[in-house]
Amino acid sequence: MWVKAFDLLMEKLSKNHDLTKIKAIGGAAQQALVWWKSHPNSPLQNLDPRLPIHVQVTSQFLSIPNSAVAQDTSAHTHALALEAALGGPDHMAARVGTCAHASLIAAQLLRVREAWPDIWSRTGRVQVASSFLASLLCGGYVSMGEAEACATGLWSHVSATGAASGTPSHWDEGVLEIVGGNREEGRRIYNWLGDVDISGGRRRLGTVSRYLIDRYGFDPDTIVTPFTSDYLSTYLSLCPSPSDAVLSFGPMDVLMTPAPHFLPTRLFHIFPHPAQDSSEKRRYVAMLTSRNADVPRALVRDMYTKSWSAFDRLVAIVPPGGSIGLDDKLFSFWLLQSDSHPLGHVKGIFRFETGVKVNEFRDLRANPRCLLESQILSFRARWSRMIATGVLGPNAGRSRNASTTPSPISNQAKRPSSTAHNMGLPFDPYDYNPLPSRVLATGAAANFPSIANLVGDIFNAPALVPTTQIDAAQIVPHRNAPPPGFPARATLGGAYVARWVWGKEKGTSAGTGRGGFEEEVRRLLAKRWATAGGAPLRTNINAPGITSKTASAAGSGTSTPYGGRSGLGANVLVEVDEEEVEELDSIRQTNYGLGIGNAFGDGLSGASRLRTITGSTMDSVLSGSTLGDTPSTAFTTPDLGSMTSPNPAGTGDTSTATPPQSTTTLTPVTAMLTSDAELQMGLAKVADPDVDAFMSYAAIVPEYCRLEGMLVKGLV
């Protein structure tokens with residue numbers, strides 16, 4: 001499938017673009033393994049340019065034609081077995097940089113050896129998917145980067161201190177022996193994996209193959225640069241500052257931040273920065289992951305609202321914690337898959353009212369908000385635990401450098417840092433200084449105003465979203481893949497790396513080696529900004545039906561729509577599924593153009609927006625409503641008899657059911673007033689932090705951590 005998709009991509013590019021103008025190619029892929037059979041020569045060599053690749057490189061060259069991708073969890077028990085063999089999660093993390101998780105490549109290798117010895121015996125090479133795609137371009141096997149190797153669970157990274165003593169980073173032969181079953185098989189795996197590029201990523205892998213030159217007309221001098229994982233490439237596309245956090249929503253939610261030290265523990269993953277010059281000081285990326293991401297969100301949508309627009313509106317109206325009271329906040333944990341530490345062995349759906357486990361909330365409308373709060377509070381708590389390890393240095397969080405969007409409470413007196421008043425937590429939940437100064441959000445969930453506001457409130461930091469995503473969301477508001485004409489973040493990160501490496505190859509001013517990758521990309525964008533006279537970045541290329549080429553206008557609106565609230569007094573908010581009319585709505589949206597002023601001026605009706613900086617969330621919701629109905633129904637606890645369904649099965653009585661509402665689509669986030677420095681980088685602010693909301697969430701962090709600890713210990 002991947003090879004055929006590559007052929008399709010090349011065909012489309014050759015028909016619509018002059019490929020001789022392409023000077024460098026970068027890219028990314030998700031974490032997966034490609035299993036090649038033993039073969040004296042690479043099947044990618046000597047391809048016939050008259051035929052597509054998928055006709056020539058068929059499944060007969062692969063020992064496993066269907067690769068396990070990052071969402072595959074079938075090797076989780078093997079990952080736990082490997083972790084136990086290495087002495088537990090702490091010892092494993094210290095040795096290979098990561099502890100056990102469901103998609104660990106070392107565990108996939110172990111599973112294949114134990115389950116399918118015939119497949120194992122005929123395998124001659126394995127490649128991570130990113131290196132495989134780069135190999136298709138180069139016409140032969142290429143090696144992986146060190147960031148990819150660190151994700152396998154087989155690589156021992158040696159920091160600068162260890163390297164100075166003469167010990168380079170290497171494949172861990174002891175771990176290879178455990179996975180292979182004996183030393184001989186461990187050596188086979190070593191040969192399968194091949195060499196690893198430990199130079200930092202600023203080099204060419206090669207040039208495009210003769211096949212691509214003859215078939216599609218590429219310039220023979222076009223270079224291919226190192227590919228990396230999709231999440232790290234997304235990180236590169238946003239060029240975060242040291243005090244930033246990158247929050248990528250998707251099938252897995254990932255929170256990433258720059259790290260100056262390599263300090264592996266089971267609390268987080270850490271990778272060498274995939275784009276750094278060999279002459280600069282080593283840099284790293286610390287990563288927190290959550291497997292229970294898009295799937296629980298979609299499940300809660302289907303169970304309680306039936307559409308994304310209703311989901312977003314319900315989250316906006318239900319108060320923080322699902323309850324007005326200060327002492328009866330609601331908590332839920334949707335752990336449909338085994339997640340990362342500390343929840344690796346916990347599965348199920350758990351809800352708590354007043355600290356007691358319940359099967360369902362008395363007010364079903366609290367479920368969407370409580371799910372999102374749980375997902376983001378998890379990152380909030382794990383961020384603080386990560387800070388405590390010292391991996392981000394002594395001045396972690398927003399104190400690491402000044403943000404272009406300062407916090408509105410930057411002048412607030414800092415609380416004493418003693419842990420005596422933190423209810424047993426190793427961090428102060430009210431101290432905002434260790435938190436990131438900005439959250440750069442991407443992925444479909446970042447298009448939801450309610451989620452953007454939650455991120456801003458829980459981290460007490462402005463939330464920014466790429467302008468390309470804001471404009472793309474006006475067409476397809478809740479898809480992880482962008483619509484035609486708009487860049488995906490992972491691809492854009494790969495393109496930045498390609499431009500960066502090409503600059504060094506050609507000796508351009510951008511390739512002089514001053515600063516790191518992020519500094520040079522910022523310099524290039526600043527040059528473009530100055531040349532264009534301060535015009536925002538163009539956000540789409542040849543998008544069908546699009547006439548406007550302008551980017552999101554700054555200050556075009558605030559971040560949360562509070563529209564009609566009809567139906568919110570019932571247990572379940574029912575709307576006609578918007579997917580049936582999405583295409584028609586897409587056409588209607590595109591007719592308004594991509595300028596935010598047009599798209600949200602005449603095009604959409606009645607979506608009043610209001611966001612207060614210091615008022616409570618409940619006040620914001622009520623004051624933002626334009627309806628004349630009384631607000632009390634939004635917070636009324638329903639009858640206990642109607643807990644399971646508005647229409648009990650078998651009764652046929654529909655008098656208590658909520659009537660279907662008119663079909664609406666999700667109204668996505670829009671750009672707020674954003675600084676020129678951020679617009680220059682292609683970012684727009686979509687949510688400001690709310691001081692009262694931050695303090696409210698800080699107050700419930702201890703209870704969240706207590707309940708999480710009970711789940712980890714199996715007490716509930």
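Leu 336 sits in the loop that runs between β17 (330-335) and β18 (348-353). The model described here is predicted. In this model, Leu 336 has a relative accessibility of 31% and therefore counts as partly exposed. Leu 336 also belongs to a nonpolar surface patch of about 360 Å².

Two non-glycine residues with positive phi were identified in loops. Most residues other than glycine have a negative phi. Asn 46 is not a glycine, yet its phi is positive, at about 60°. The loop that holds Asn 46 lies between β3 (33-37) and α2 (53-56). With a relative accessible area of 79%, Asn 46 is exposed. Thr 354, likewise not a glycine, has a positive phi of about 50°. Thr 354 is placed in the loop between β18 and β19 (356-358). Its relative accessible area is 52%, so Thr 354 counts as exposed, the cut-off being over 50%.

Helix packing was examined next. Two packed helices are described by the angle between their axes and the distance between the axes. For helix α13 (residues 230-238) and helix α19 (residues 489-506), the angle is about 70° and the axes are 7 Å apart. The two helices, α13 and α19, are therefore roughly perpendicular to each other. The crossing of α13 past α19 is left-handed.

Across the whole structure, 29 salt bridges were found. One of the residues of helix α19, Lys 504, takes part in a salt bridge with Asp 277. The closest N and O atoms of Lys 504 and Asp 277 are 3.4 Å apart. This pair links distant parts of the chain, 227 residues apart. Asp 277 lies in the loop between β15 (269-272) and β16 (284-290).

Arg 283 is in the loop between β15 and β16, while Glu 518 is in helix α20 (residues 517-531). The two residues are 235 residues apart, and the pair links distant parts of the chain. Arg 283 is partly exposed, with a relative accessible area of 22%. Glu 518 is buried, with a relative accessible area of 4%.

Strand β20 (residues 438-442) has contacts of its own to report. The side chains of Arg 438 and Glu 678 form a salt bridge, with an N to O distance of 3.2 Å. Arg 438 lies in strand β20 and Glu 678 in helix α24 (residues 676-680), so this pair ties together parts that are 240 residues apart in sequence. Both Arg 438 and Glu 678 are buried. Leu 440 is also found in strand β20. Leu 440 is buried, with a relative accessible area of 1%. In sequence, Leu 440 and Leu 683 are 243 residues apart. In space, their C-alpha atoms are 8.3 Å apart.

How values were computed:
Residues numbered from 1 in each chain as written. Predicted model: local features only at pLDDT ≥ 70, side-chain atom pairs only at ≥ 80, totals over all residues. Heavy atoms only, no water. Patch = residues over 30% accessible without salt bridge, like charges linked within 9 Å, V, L, I, M, F, W, Y side chains within 5 Å. Areas by Shrake-Rupley, 256 points an atom, 1.4 Å probe, with all protein chains shown as cover. Salt bridge = Lys/Arg side-chain N within 4 Å of Asp/Glu carboxyl O. Helix = DSSP H or I, 4+ residues; strand = E, 2+ residues; numbered from the N terminus. Buried < 20%, exposed > 50% of the residue type's maximum accessible area, 1.4 Å probe, protein only. Axes fitted to C-alpha atoms, helices over the stretch in contact; angles between N-to-C directions. Parallel < 35°, antiparallel > 145°, perpendicular 65-115°, else oblique. Left-handed = near helix turned anticlockwise from the far one by under 90°.
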